[in-house]
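Here is a short walk through the structure, written to be read with the model open beside you.

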Amino acid sequence: MSEPEPPAPKFDKSPFVLAATLTLFATVAAALLAFGDAKTRPEIALRLAEDLNAILSQVVPAELHDNELSKDTLLISGPGDTQTTVYRARRKDLIIGFAYPFTGEGGYAGPIELVMGVSATGEVLGVRVLSHTETPGLGDKIELQKSDWILGFDGLSFTTLPPEKWGVKKDGGTFDQFSGATITPRIVVKTVKQGLAFFHDHQSTLFAPSPQSPAPQSGEPTDD
Amino acid sequence: MTEEIAPERPDYKAITLDGLWDNNVVFAQLLALCPLLAVTGTATNGLGMGLASTAVMVGSGLSISFLRKWIPPDVRIPAFVLVIATLVTLVDMAMNAWVHELHKVLGLFIPLIVTNCAILGRAEIFASKKPLLPSTYDGLMMGTGFTVALVALGAIREVLGAGTLFAGASILLGDVFKVIEMNIPAFDGMLLFALPPGGFIVLGFMLAGKRVLDQKLAPRREGRVAKAEAHPV
């Protein structure tokens with residue numbers, strides 16, 4: 001007597017019916033999502049633009065310029081093989097400053113993303129942290145919400161503070177470290193210094209007249 | 001998992017008790033711990049995550065119960081996942097558009113609602129077998145139970161960890177709710193409770209607390225059940 005065959009998997013319906021049912025479900029789901037996307041896309045774009053403007057106005061004071069920063073962009077290669085989107089601030093068509101995001105590698109727990117504003121004469125107008133993963137309670141004093149440490153950069157330039165002085169006090173520089181966290185402020189100071197150097201390295205490109213059309217250029221501001 | 005045998009008439013009281021207490025997603029089923037521990041640094045974040053999850057649970061209860069006759073049992077799991085993923089994506093887009101500030105805080109965890117096994121679990125156990133109304137109600141109660149857990153955990157961690165309560169609630173609920181934002185003077189909180197280990201510690205105490213309460217309540221409940229059996233309505 002032979003062993004009974006193991007029962008073949010039993011489907012109530014043919015695989016084709018099953019596939020067709022799932023396809024139908026997926027189609028309806030796709031239609032719903034397309035509808036939702038169409039409804040929310042303009043709103044989301046608006047919100048992202050507001051976010052960008054809010055950040056930019058923190059690093060380039062609104063009273064200094066009369067143009068819309070997010071519409072006057074420039075794409076510059078570097079640092080490394082990355083590209084940096086630069087937002088230019090003008091007053092009466094004269095360039096008075098720039099704002100650009102800059103990423104500091106080697107934070108305590110990953111990169112620290114900053115956005116900084118620099119005046120046409122190379123002074124720091126403002127620095128803000130966009131995102132970081134530093135330890136809450138220790139390294140997060142780089143956020144303006146937690147501490148005004150980040151305001152210490154305002155008004156500084158390589159003229160008023162020579163590049164070798166850009167460091168935390170522990171390294172012979174002039175910036176305070178936080179108790180219990182040296183790595184985080186060290187990276188931020190280094191990144192701001194690199195950001196300023198970026199300004200000095202690219203002066204010719206930064207001040208180059210852009211095509212007069214105010215249409216957004218290759219660097220879409222919503223890309224960050 | 002124990003589930004009462006479906007009575008002919010849906011027992012809404014049982015569904016309510018199940019969702020809020022007996023079979024609470026967090027305190028009884030111990031599901032959804034990843035978003036739970038990640039977002040409950042503050043009560044407000046917990047509330048936002050809870051409301052988003054509730055919306056998905058109600059929607060999934062409703063749609064899966066509605067579709068249950070057309071979903072072939074052989075492919076029900078992919079069909080459920082498809083329904084839930086669609087709902088989550090819709091909620092994600094809506095939050096991004098209309099409660100953008102909160103979306104920035106919870107952003108990463110909203111898509112993860114898909115992986116909240118509690119939702120798929122309710123779809124499989126409840127919504128795929130029961131009529132429309134009880135299924136929707138079950139989703140609402142399970143979601144409410146989850147929200148209560150998130151807010152409670154968030155509130156305790158926020159008070160202990162940051163010395164505030166409902167910070168940022170006005171962002172989520174509108175400026176009227178500015179009054180519930182509280183700050184405990186002269187207490188900046190203990191860092192531990194803002195970090196994930198603090199979440200585990202507080203959750204542990206809350207689970208223990210539920211056990212103790214359940215034990216205290218048990219004799220009384222049994223008495224009530226016995227009485228109900230003696231005098232059927």
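Helix H1 (residues 12-22) and helix H7 (residues 132-162) of chain B have axes that come within 7 Å and cross at roughly 30 degrees. Before going further, please keep in mind that this is a predicted model. With angles under 35 degrees counting as roughly parallel, H1(B) and H7(B) are therefore roughly parallel to each other. Their crossing is right-handed. On the H1(B) side, the residues that meet H7(B) are B:Tyr12, B:Ile15, B:Thr16, B:Asp18, B:Gly19 and B:Leu20. Their partners in H7(B) include B:Pro134, B:Tyr137, B:Met141 and B:Val148. By class, this contact has eight nonpolar, four polar and two charged residues.

| Helix pair | Axes come within | Crossing angle |
|---|---|---|
| H1(B) and H7(B) | 7 Å | roughly 30 degrees |
| H3(B) and H4(B) | 9 Å | roughly 140 degrees |
| H4(B) and H6(B) | 10 Å | roughly 130 degrees |

Take helix H3 (residues 43-67) of chain B and H4(B) to begin with. The crossing angle of roughly 140 degrees makes H3(B) oblique to H4(B), and the crossing is right-handed. H3(B) brings B:Ala52, B:Ala55, B:Val56, B:Gly59, B:Ser60, B:Ser63 and B:Ile64 to this contact. H4(B) answers with B:Phe80, B:Val83, B:Ile84, B:Leu87, B:Val88, B:Val91 and B:Met95. Sorted by class, these are 11 nonpolar, three polar and no charged residues.

The other pair joins helix H4 (residues 76-98) and helix H6 (residues 117-127) of chain B, crossing at roughly 130 degrees. That makes H4(B) oblique to H6(B), again with a right-handed crossing. Here B:Phe80, B:Val81 and B:Ile84 of H4(B) meet B:Ile119, B:Leu120, B:Ala123 and B:Glu124 of H6(B). The classes are six nonpolar, no polar and one charged. Notice that B:Phe80 and B:Ile84 take part in the contact with H6(B) and are also listed in the contact with H3(B).

Now for chain A. It has three helices and five strands, which follow the pattern α-β-β-β-β-β-α-α along the sequence. Of its 224 residues, 27% count as buried. Among contacts in chain A with a separation of 6 or more, 51% are between residues 24 or more positions apart.

Helix H1 (residues 15-59) of chain A has a kink of about 40 degrees at A:Thr40, shortly before the proline A:Pro42. Which residues of H1(A) are buried? They are A:Phe25, A:Ile55, A:Leu56 and A:Val59. Their cover includes strands S2 (83-91), S3 (94-104), S4 (112-119) and S5 of chain A, together with H4 of chain B.

That brings us to where the chains meet: 19 residues of chain A are in contact with 19 residues of chain B. On the chain A side, they divide into 10 nonpolar, four polar and five charged.

Finally, have a look at A:Leu138, in the loop between strand S5 (124-131) and helix H2 (183-201) of chain A. Is A:Leu138 buried or partly exposed? A residue needs 20 or more C-beta neighbours within 10 Å to be buried, and A:Leu138 has 16, so A:Leu138 counts as partly exposed. Beyond its neighbours within four places in sequence, A:Leu138 is in contact with A:Phe178, A:Gly180 and A:Ala181. A:Phe178 is 40 residues from A:Leu138 in sequence, yet their C-alpha atoms are 7.3 Å apart.

Definitions and conventions: Residues numbered from 1 in each chain as written. Chains lettered and ligands numbered in written order. Predicted model: local features only at pLDDT ≥ 70, side-chain atom pairs only at ≥ 80, totals over all residues. Contact = placed C-beta atoms within 7 Å. Nonpolar A, V, L, I, M, F, W, Y, C, P; charged D, E, K, R; others polar. Helix = DSSP H or I, 4+ residues; strand = E, 2+ residues; numbered from the N terminus. Buried ≥ 20, exposed ≤ 12 C-beta atoms within 10 Å, placed from the backbone. Axes fitted to C-alpha atoms, helices over the stretch in contact; angles between N-to-C directions. Parallel < 35°, antiparallel > 145°, perpendicular 65-115°, else oblique. Left-handed = near helix turned anticlockwise from the far one by under 90°. Bend = angle between axes of the 7 residues up to and from the residue.
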